[in-house]
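Welcome, and thanks for taking a look at this one with me. Please open the entry below and keep it beside you as you read.

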Number of protein chains: 2
Amino acid sequence: MPRKGLTKTAIVDAAIALIEEQGNRAFSLNELARCLAVRPASLYNHFENMEVLTGAVGFRIAEMIRRSELDAIAGMHGDEALFALCDAYRAFAREHMDLYKVIMGMQKDKNACTETACGEMIEPILLVLSDYGLTESDKMHWQRILRAMMHGFITHEYAGGFRHYPADHNETYRMAIQMVALGIHTAQKESEQ
Amino acid sequence: MPRKGLTKTAIVDAAIALIEEQGNRAFSLNELARCLAVRPASLYNHFENMEVLTGAVGFRIAEMIRRSELDAIAGMHGDEALFALCDAYRAFAREHMDLYKVIMGMQKDKNACTETACGEMIEPILLVLSDYGLTESDKMHWQRILRAMMHGFITHEYAGGFRHYPADHNETYRMAIQMVALGIHTAQKESEQ
DNA sequence: GTATAATACTAATGCTATTAGTTTGTCTTA
DNA sequence: TAAGACAAACTAATAGCATTAGTATTATAC
């Protein structure tokens with residue numbers, strides 16, 4: 001009936017707030033409409049369907065992660081930047097696990113929006129790796145390895161997959177980053193030859 | 001009305017078949033009941049709810065993964081076993097992605113069944129790591145790192161997160177395993193001192 | 001001022017998990 | 001062998017979900 005001033009931005013804002021406050025399970029089109037004091041069907045005037053809406057939410061989350069990472073590595077170089085980046089990434093996931101799960105549950109090649117979002121998150125990683133003087137190809141391999149390690153760690157840690165032995169999680173994570181650093185140093189030396 | 005001879009095992013069998021044939025999205029209580037020629041409510045005589053049923057399915061999947069891994073490393077030792085294990089793990093995920101997603105989507109500390117399932121999958125990894133003469137603590141750290149790396153890699157690869165640069169995925173995976181091996185060798189030398 | 005297009009609506013469909021209450025077949029025991 | 005109890009299937013209902021078709025209203029452009 002009347003125009004309520006609903007916009008894509010306002011909808012994504014409300015979605016982020018909903019996920020943060022009520023968790024991932026509460027994130028539904030109906031609940032989101034309720035938050036916005038609007039009927040569920042009205043949201044279809046702004047987003048084609050739930051998947052596209054989730055893509056837009058994911059893009060916003062990717063921006064947040066990128067911002068966290070860039071802030072963390074500001075002014076740093078080499079291994080110091082590498083450790084800071086990894087710590088920031090894990091810290092974001094711990095503090096905003098429900099948001100993190102949204103972006104990690106998305107199929108990255110589904111639409112342009114999510115694909116761009118993926119690029120957003122990789123940027124700070126490439127920035128850090130650029131300091132090591134790797135070949136372009138090696139940089140891409142190590143970028144993948146770093147992302148795989150960080151995401152796999154966070155997923156298992158959150159799911160309770162590390163609980164059956166009382167070793168310190170922080171120490172494992174530190175060792176994992178140190179291992180990646182060692183691998184990068186080796187590749188670095190090889191490319192200098 | 002009459003007894004149809006439904007059992008926990010038969011239900012899990014049907015669930016696995018359903019997921020493999022129709023994919024993860026088709027896996028619902030209603031669809032599963034349809035496969036078994038039974039009314040949805042009947043399944044509640046055998047499983048408390050969907051989460052518990054999924055836990056039982058996950059346990060079965062964990063057994064399958066464990067079997068694949070053990071077969072792959074039979075008679076092998078050291079790095080050879082490590083590479084074989086990692087390849088088998090990734091191969092299982094690629095060939096049965098829908099099953100893999102089921103087990104990875106589960107909260108491991110929710111019930112005893114899923115917790116045991118988690119242990120099932122870790123066993124072959126510990127077997128391989130036992131060859132390196134690490135301290136018990138180090139073995140646990142490296143087990144976590146290995147699982148994190150493998151799972152993170154598979155997740156990103158499947159989600160299309162590695163697509164934006166044309167470097168070979170197999171080569172990245174090989175480098176990642178090599179990196180873990182390098183890290184383990186370093187820890188090995190330190191514990192021998 | 002009027003036509004157009006966008007936005008929000010109502011109402012409906014078909015899917016999901018889950019529960020309560022009922023029938024019926026099978027197994028045990030007297 | 002008959003009686004009773006238990007387990008397993010049923011029917012029917014609820015409340016949630018995403019989505020679509022069709023309708024009304026409102027702001028904007030002409």
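1. First, the ground rules. This is a predicted model, in which local features need pLDDT of at least 70 and side-chain atom pairs count only at pLDDT 80 or more, while totals for chains, interfaces and linings use all residues. Residues are numbered from 1 along each chain as its sequence is written, chains are lettered from A and ligands numbered from 1 in the order in which they are written, and side-chain values use heavy atoms, with hydrogens and water left out.

2. At the start of the helix, a side-chain oxygen of Asn49(A) comes to within 3.1 Å of the backbone nitrogen of Glu51(A). After the helix comes Gly75(A), with a positive phi near 80°.

3. Buried residues of helix 3 of chain A include Leu53(A), Ile61(A), Ile65(A) and Ile73(A) (buried is under 20% relative accessible area, exposed over 50%, partly exposed in between, with a 1.4 Å probe and protein chains only). Among the elements covering the buried residues of this helix are helix 1 and helix 6 of chain A.

4. Which residue does Arg60(A) meet in a salt bridge? The partner is Asp13(A), at 2.6 Å, N to O (the rule asks for a side-chain nitrogen of Lys or Arg within 4 Å of a carboxyl oxygen of Asp or Glu). Arg60(A) lies in helix 3 and Asp13(A) in helix 1 of chain A, so the pair ties together parts 47 residues apart in sequence. Arg60(A) is partly exposed at 22%, and Asp13(A) is partly exposed at 40%.

5. In chain B, Arg67(B) and Asp71(B) form a salt bridge, with the closest N and O atoms 3.3 Å apart. Both lie in helix 3 of chain B, four residues apart, about one turn.

6. Finally, the interface: chain B and chain A bury about 3900 Å² between them, 65% of it on carbon and sulfur atoms (accessible area lost on being put together, 1.4 Å probe, summed over both). Arg144(B), His156(B) and Met179(B) supply 18% of the area chain B buries against chain A, more than any other three residues. Across this interface the rule finds zero salt bridges.

Note on methods. Helix = DSSP H or I, 4+ residues; strand = E, 2+ residues; numbered from the N terminus. Contact = heavy atoms within 4.5 Å. Polar contact = N/O pair within 3.5 Å; in protein donor to acceptor, adjacent residues only side chain to side chain. Buried area = accessible area lost by both parts, 1.4 Å probe.
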